[in-house]
Amino acid sequence: MGIDYGTLGRNIYFYRKKKMLTQEELAEQTGLSVGFISQLERGITKPSIDTLSDICDFLECHIGAVLDYSEKENSPLFLEYIELFQSLPEKEQYLFFCMLKAYKENL
């Protein structure tokens, strides 16, 4: 199975935003150019393992998480949904569930 560079880029973007960093800040902290970070997040460029490791170390995430080889339930987007849902009071969780269920039924 090959690397999906689009997924890799989206996941790096996700973890960068989660740490509230700009591309400039990530580039500066990892010794990379802003252009490289931009191309990486858009799935255009292919990082070396060492570069990817440096980025993941700084973003405090596992390489497997950005490669998205884990189960769907461990994907960054799914984990963000769960975190957001759990932050809601119980009444709002139920309301959100009902809205999501209605949305799915009307697709």
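**A close look at the first helix and its surroundings**

Mentor: Let's start in a loop: M20 lies between α1 and α2, where helices (H or I, at least four residues) are DSSP runs numbered from the N terminus. Before going on, note that this is a predicted model, in which local features need pLDDT of at least 70 and side-chain atom pairs count only at pLDDT 80 or more, while totals for chains, interfaces and linings use all residues. Residues are numbered from 1 along each chain as its sequence is written, and side-chain values use heavy atoms, with hydrogens and water left out.

M20 isn't a glycine, yet its phi is positive, about 55 degrees. M20 counts as exposed because its relative accessibility is 73%; exposed means over 50% relative accessible area, buried under 20%, and partly exposed in between (1.4 Å probe, protein chains only).

Now step back to α1 itself, residues 5-18. (The expected span is 1.5 Å times one less than the number of residues.) At the start of α1, a side-chain oxygen of D4 comes to within 3.1 Å of the backbone nitrogen of G6.

Which residues of α1 are buried? They are T7, L8, G9, N11, I12, F14, Y15 and R16. These buried residues pack against α2 (23-30), α3 (34-41), α4 (49-59), α5 (63-67) and α6 (76-87). Contact here means heavy atoms within 4.5 Å.

Two of those neighbours also meet each other: α2 and α4 pack at an angle of about 115 degrees, with axes 10 Å apart. Axes are lines fitted to C-alpha atoms, for helices over the stretch in contact, and angles run from 0 to 180 degrees between N-to-C directions. From α2, L26, Q29 and T30 meet D54, I55, F58 and L59 of α4. By class, that contact has 4 nonpolar, 2 polar and 1 charged residues.

T51 is buried, with a relative accessible area of 17%. Leaving out residues up to four places away in sequence, T51 touches L32 and F36.

Finally, look at E60 in the loop between α4 and α5. E60 is not a glycine either, and its phi is positive at about 60 degrees. With 65% relative accessibility, E60 counts as exposed.

Key:
Helices (H or I, at least four residues) and strands (E, at least two) are DSSP runs, numbered from the N terminus. A polar contact is a pair of N or O atoms within 3.5 Å; within protein, one must be able to donate a hydrogen and the other to accept it, and residues adjacent in sequence count only if both atoms are side-chain atoms. Ala, Val, Leu, Ile, Met, Phe, Trp, Tyr, Cys and Pro count as nonpolar, Asp, Glu, Lys and Arg as charged, and the others, Gly among them, as polar.
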